[in-house]
Structure formats: C-alpha cells, structure tokens
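I opened the notebook to go through this structure one element at a time, and I kept each entry to what I looked up.

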Amino acid sequence: MTTEPPEKLLTPVLSATWDEHHPWTLDTYRSRADGYRGLSAALRMQPDEVIALVKDAGLRGRGGAGFPTGMKWQFIPQGDGKPHYLVVNADESEPGTCKDIPLLFANPHSLIEGMVIASYAIRCNHAFVYLRGEVVPVLRRLQAAVAEAYAAGLLGKDIQGSGFDLDITVHAGAGAYICGEETALLDSLEGRRGQPRLRPPFPAIAGLYACPTVVNNVESIASVPAILHRGKEWFRSMGSEKSPGFTLYSLSGHVTNPGQYEAPLGVTLRQLLEMSGGVREGHRLKFWTPGGSSTPMFTEEHLDVPLDYEGVGAAGSMLGTKALQVFDETTCVVRAVTRWTEFYAHESCGKCTPCREGTYWLVQLMRRIESGEGTQADLDKLLDLCDNILGRAFCALGDGATSPITSSLQFFREEYEQHIAQRGCPFDPAASTVWAGRTAVNGNATRQPVQEKGVLA
Amino acid sequence: MTTHETEPVGLGMPALPAPDFPAEVRARLEADAKELIGRYPVARSALLPLLHLVQAEEGYVSRTGIRFCAEQLELTTAEVTAVATFYTMYRRKPAGKYHVGVCTNTLCAVLGGDQIFAELKEHLGIENNETTEDGAVSIEHIECNAACDYAPVMMVNWEFFDNQTPESAKRLVDDLRAGHTVLPTRGAALCTFKETARILAGFPDERAGALNASGAGGAPSLAGLRLARGEALPGTGSAKVVSPRHEAEKSTGSGTPSSHDAPQETSLSDPAHPADPADPEGSEGR
C-alpha cells in the first residue's frame with residue numbers, strides 16, 4: 001500500500017486561512033486568501049461566461065445530491081422579466097454533517113464572495129442565506145461579514161463600479177431538519193411551515209415567490225471564488241473527471257483526531273484515517289457513513305472506496321455531505337439505527353403518509369428489537385415498511401429514513417437476531433463513550449453484557 | 001358524583017382574543033418589526049424573524065406575541081400559530097434564562113451524550129423540557145447540531161460547548177445557576193435566552209468582543225490544515241488503521257484487568273511496517 005504524506009494528499013482551499021489572525025474578517029480574507037479577486041475576475045466577464053466557466057470546471061453540489069452547480073445556474077430563464085433569487089442552504093442538519101458551520105464560523109467571506117459571483121451570473125439582485133437558527137456564533141460572524149461587505153462596496157449598489165446591484169439578507173431558521181430540503185426551505189423562507197413542494201415546477205422556474213430561484217449549498221457557493229480566481233484547469237487538476245475539485249471531509253466518532261480534512265474528491269477513508277491517527281487506540285472500525293445518516297452505511301470492506309460521487313454510488317451508498325461518522329466495535333448498530341430512526345420520525349413534516357406513518361412504525365419496531373422484545377418476523381416487517389416508504393415519500397427525508405435500516409440489516413443482520421435471541425442488547429453503552437478508557441479503574445466492566453441501559457429513551 | 005363539578009364546563013365559546021402588548025412595548029416592537037419586514041420583498045417572509053422577536057420580548061411565544069405577528073403581517077392568529085408550532089426553537093411556555101441542549105442524536109449519544117443527559121437530569125432534578133425552580137436553566141435533548149467532530153456536544157442559548165463530559169456538564173449548569181460568567185468553547189460569553197432570541201431575529205450582538213470571541217475554531221476545525229502544513233496531530237506517531245485482519249494479535253487490548261497499564265502501541269504492533277528488519281515476525285507473540 002502506498003502512503004502519500006498528508007501534505008501531498010490534502011488540499012486546503014476553503015480552510016487554508018483558518019489558522020490566520022481573525023480569518024473571518026474582510027482584511028484577512030483579502031490579504032491572506034486572495035479574497036474578492038474571484039469577484040473582480042467575474043465582473044470582467046459576461047454573466048453567461050461565468051456560468052459556462054463554473055459548468056466547465058465541473059463543480060457539483062456539496063450539499064448531498066451532487067448536481068452540477070453551473071447547470072443549475074443555466075436553468076434560470078433569462079430575459080423573463082421576473083426577479084431571480086439566489087438562496088443559500090445553510091440549514092446544515094443532516095446527522096453527522098458538520099462542514100458548513102465551521103466554514104462559516106472561520107471564513108464567511110468565501111460564501112459572500114461566491115454569492116455575489118453567482119448572483120451576477122444568474123442576474124439576481126437579492127440573495128438570501130437561510131442559516132439554521134441553532135448556531136448563534138455563526139450567525140454573529142455572518143451578519144458582521146455581510147455588514148463589512150456592504151461597507152466596502154462589495155454589496156449594495158453598483159458593486160465595484162460594475163453597475164451590478166446585490167442585497168443579501170441573512171435569515172435565521174427556527175429548528176426543523178426538513179428545511180434542508182430545498183423546496184421546504186423556500187416555503188419556510190416565505191414564512192410558512194417548512195413542507196416540501198410538489199415538483200415540477202422546479203425552483204429554477206418557480207422557486208421563491210414563484211420566481212426563478214437557485215438553491216445552493218454553502219460549500220458549493222464558497223468554492224466558486226477560487227474557480228474564478230485560479231481557473232477551471234486548476235480546479236480540474238484535483239479529483240476525477242466526473243468529480244473534480246476539492247471538498248471538506250468531516251471525520252467524527254471513534255477516531256483519534258476528528259475534524260475537517262479538505263482533500264481532492266476521491267480520497268479514501270483509509271487514507272484519511274491513516275494520516276489522522278486512525279480509529280481510536282485499541283479499537284477497530286465497525287461501521288461508518290460516507291455522507292450522513294441518510295446514506296447507507298459502510299463497513300471495513302469499504303475503506304478503499306474512492307469518496308467521490310461515482311465511487312460511493314457504485315459501492316451502494318451516496319457521497320452525501322461527506323460526513324464520515326466512524327463507529328468502532330463497542331457500538332451497538334441496533335441502538336445507533338434506532339436513534340437515527342427516532343430522529344427521522346421526529347423530523348418528518350407530516351405532509352405525506354408514507355413518511356409520516358412509516359417512520360412512526362419503524363420507530364416502534366426498532367425500539368422493540370433494541371429492548372429485546374422483538375421477533376424474527378419484525379426484521380422482515382422492517383424491510384417491508386422500508387419498501388413502502390422508499391420511492392413513495394414526498395421528499396428525500398422518507399428515503400433517507402430507510403437507509404440506515406436496510407444497510408444495517410444487510411451488514412449486521414446477525415446483530416439484530418442476537419438482540420431477539422438474547423432478549424436484550426449485548427452491548428454496554430459505557431464502553432463506547434469517549435471517556436470509557438479514562439475513567440475505568442479496570443477494563444473488565446466493558447466486556448460484560450449489560451441488560452439495562454438506563455439512559456436510552 | 002361524577003367529576004364534572006371540578007372541571008370547567010365548556011360553553012362552546014371561542015377563547016377571547018389575546019391581550020395586546022402594553023403601548024410602549026408595542027411601539028418599540030413595531031419599529032423593530034418594520035425594519036425586519038423591510039428586509040424582504042414579501043412581508044410574510046419576516047414571520048420567522050418576528051417570532052424570534054416576540055420570543056426575545058417574553059422568553060417564549062405567547063398568544064400576545066402571536067397576535068402581534070399576525071397584526072404586523074395581516075395574517076390570522078391561526079396562520080401564525082400554525083407556523084410557530086412547526087419549529088422547535090419557539091417555546092410555547094415560559095422557560096429558563098439559559099436553554100441547555102444536549103445532543104442525543106446517534107453520534108453524540110454513543111460518544112456519551114446519553115450519559116450526559118441522564119446525569120444532568122438527575123443533577124438538576126428535572127426532566128426533558130422542564131425548568132429548574134429558580135428559573136435559571138431549562139434542559140432539552142436536541143438533534144444533531146453540526147458539531148460532530150466535537151462530540152459530545154451541548155448548546156447553551158445556542159452557543160457551542162464542545163467535548164463535554166458528565167462532570168463538565170454538571171459544572172456548567174452549576175455555574176449558570178450561580179450567576180457566573182460562562183464562556184462557550186465556540187461563541188461569545190453567554191447572554192440571556194431573550195437576548196439570544198433578539199440576535200436570531202436579525203439584530204446583531206452589539207457587545208464589544210462578542211464577534212471575535214473564541215477564535216476560528218478548536219483543534220478539530222484545524223486538524224486537516226495542520227496536517228497539510230506538515231505538522232503532526234496527537235496520536236499520529238505510529239498509529240494506523242486497526243484492520244480487522246490484525247484483530248487477533250491485538251486481542252489483549254482494552255478489556256483485560258491490566259489494560260490500563262498495557263504497553264503502549266509501537267511500530268512493532270503494526271506487522272505491515274516492522275521496525276526491525278532482523279525480526280520479520282515482530283516480537284508480537286504476546
């Protein structure tokens with residue numbers, strides 16, 4: 001196995017200035033990150049040329065679906081006489097996903113610059129950031145960065161003498177996972193309950209206020225300035241033909257050094273673990289998610305799957321948000337999946353029957369199995385329920401709810417059966433805590449099956 | 001006798017309209033509302049900010065607050081109530097000055113969030129969504145808050161408290177109840193829940209130093225950048241992915257009575273990379 005040193009494998013672009021002095025300020029962004037040079041380059045081009053450049057660079061959506069960003073921009077009808085809108089999805093809530101929040105906390109100007117470029121390209125004069133409400137420190141920096149940009153003439157009227165006007169409104173959400181779904185987000189931004197809309201029409205035709213709207217993820221938009229400034233060839237020099245460029249991988253869970261690792265698309269979990277100190281000392285990998293809880297889980301068999309859109313897709317999952325949640329052998333997969341299932345049931349918006357009712361019954365079955373009261377028939381019932389949700393729900397939330405269940409049954413069916421046969425969970429939750437190794441006087445408690453877990457709802 | 005005597009008899013009358021805010025409060029809030037509404041092309045888009053605004057006034061979204069929002073946007077109170085009850089951040093009853101959320105979504109739960117939440121409830125003597133008698137602290141188990149690389153995570157008034165333990169969590173709520181200044185790991189010195197709600201409504205935090213407090217992020221945020229700069233991360237010396245193929249050779253790891261003083265892992269414990277070419281088998285026969 002060839003092991004390249006981390007400094008050759010990693011490619012910090014968005015994260016390159018996070019250790020500078022006050023990287024969230026306009027001064028640092030300009031002096032240390034070539035800040036707003038991408039905008040200057042864009043304003044020298046025709047809007048359609050900007051769209052073509054981003055399309056040719058091959059930038060794909062970093063929020064989960066991987067749709068080509070430039071193509072989304074191109075779908076906006078021009079000369080239609082309607083206002084156009086850009087809405088940035090900063091509702092980062094997919095379990096395991098933690099890239100946009102640290103990015104906005106440390107480098108909010110990369111998003112703002114990207115928004116000005118994107119708005120110029122799609123001919124939009126009012127753009128919005130829909131930030132989840134539960135992150136006040138990030139809201140603070142984003143509000144301040146927008147104010148700085150106005151004061152510097154980078155927002156407002158006649159930006160840098162180009163004749164182009166743009167206002168940005170920072171909008172804080174109020175707690176609802178479903179608002180990460182783009183049409184639910186638009187309803188929420190219109191002051192309604194966040195429920196997804198029927199498509200078509202797609203947002204590009206009838207989005208915010210029924211006007212042509214681009215909805216992009218934070219990281220997608222923040223990646224645009226570097227493409228404008230350094231060029232599409234530079235961007236394409238990283239990653240693969242179909243998945244070019246750099247991206248933030250978020251490593252979390254039972255690892256020695258959780259955190260943000262910005263690398264070319266196509267890096268593997270094995271490479272990321274090897275450079276970052278691996279699974280926590282004395283333990284081994286059991287299962288992991290490539291891109292959040294809605295992406296089917298992987299095991300140690302998948303350590304060498306290239307983490308790009310095609311590679312992960314071919315291996316039976318989805319790249320999603322590149323939220324690499326790593327769980328070691330102390331983790332009960334039934335407990336993990338039960339908790340995720342409870343999350344989906346809690347967050348189901350209630351609009352469609354398969355998701356609303358289906359997630360409710362999935363929770364009942366999962367809890368029953370976890371507590372040792374399940375039967376073999378419950379396992380088939382789970383799969384049957386999943387079959388009736390997947391592809392039949394109104395939006396991707398319902399589909400996502402089935403992923404952890406079907407994938408865990410595929411890889412760990414015997415563990416489900418063990419819960420049924422032993423009438424209880426064979427795992428000790430204390431062994432999987434981060435302080436498990438620190439507080440134990442001796443290790444023998446960690447191997448004893450514990451019948452009562454106490455803290456599980 | 002039946003229990004009818006002790007229960008109020010419903011006469012089918014609709015509830016009376018909620019009382020209005022006092023005139024001076026209303027005048028102040030109307031000025032704020034006007035500013036918020038002006039930020040959107042369509043007034044109704046300001047509903048979520050307006051709900052944060054009335055929550056900033058009263059600490060929760062009351063019927064009075066709902067009436068105010070409805071009047072500002074020319075909606076019915078039913079329409080506003082439908083929205084207010086959809087989102088989890090709007091409180092429906094008065095609660096604590098400090099809103100303490102413990103993440104119990106899968107990753108944080110497994111890494112210790114469940115234990116933290118259980119011990120915190122016991123320590124405070126309250127259950128989920130309840131408030132301490134002194135009105136200082138409300139607790140709630142929350143969903144993933146986008147800080148998984150800092151798990152287990154807690155939020156107080158939506159500022160980050162990273163890498164928590166049951167002990168640190170209990171110390172934190174004790175400090176809050178004692179009125180001490182509490183600093184998050186990422187975010188600014190805590191303000192009250194009402195003040196937080198005002199920032200969420202869209203009125204920036206004016207406190208000196210609030211913006212720059214706590215730097216750009218902790219070690220996890222900078223982990224990849226440090227490696228890319230050629231620096232070493234803690235524990236990366238000889239560590240490799242522990243492959244299941246080598247599990248048998250490592251079976252004396254944690255779990256034995258003396259595991260706490262077991263030999264530290266060295267390059268010799270990685271058969272794929274023997275340190276001593278003269279000893280191809282390694283000396284791992286333990």
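**Kinked helix**

I began with helix H19 of chain A (residues 396-421), where I found a kink of about 90 degrees centred on A:Phe412; the bend at a residue is the angle between axes fitted to the seven residues ending there and the seven starting there. Helices (H or I, at least four residues) and strands (E, at least two) are DSSP runs, numbered from the N terminus. After H19(A) I noted A:Arg423, which has a positive phi near 55 degrees.

**Basis of the entries**

I am reading a predicted model, in which local features need pLDDT of at least 70 and side-chain atom pairs count only at pLDDT 80 or more, while totals for chains, interfaces and linings use all residues. Residues are numbered from 1 along each chain as its sequence is written, and chains are lettered from A and ligands numbered from 1 in the order in which they are written.

**Confidence**

I looked up pLDDT, the predictor's confidence in each residue from 0 to 100, and chain A averages 95, with 95% of the residues scoring at least 70. Residues 440-457 of chain A fall below 50, and this stretch has 32 contacts in the model beyond near neighbours in sequence; two residues are in contact if their C-beta atoms, placed from the backbone, lie within 7 Å. Where pLDDT is low, the predicted coordinates should not be read in detail.

**Sheet**

Among the 20 helices and 8 strands of chain A, I traced an open sheet of 4 strands in the order E3-E2-E1-E4, with parallel pairing; two strands pair if DSSP finds at least two bridges between them. Strands E3 (167-172) and E4 (213-217) of chain A stand at the edges with a single partner strand each, so one side of each has no neighbour in the sheet. The twist averages 20 degrees from one strand to the next, with axes being lines fitted to C-alpha atoms, for helices over the stretch in contact, and angles running from 0 to 180 degrees between N-to-C directions. Strand E1 (residues 85-90) of chain A pairs with E4(A) in the parallel sense over 5 bridges, and A:Tyr85 stands opposite A:Thr213 in E4(A). Helix H7 (residues 108-122) of chain A lies across E1, E2 (126-131), E3 and E4 of chain A, at about 150 degrees to E1(A).

**Interface**

I found 95 residues of chain A in contact with 85 residues of chain B. Helix H8 (residues 136-151) of chain A gives the most to the side of chain A that touches chain B, with 7 residues.
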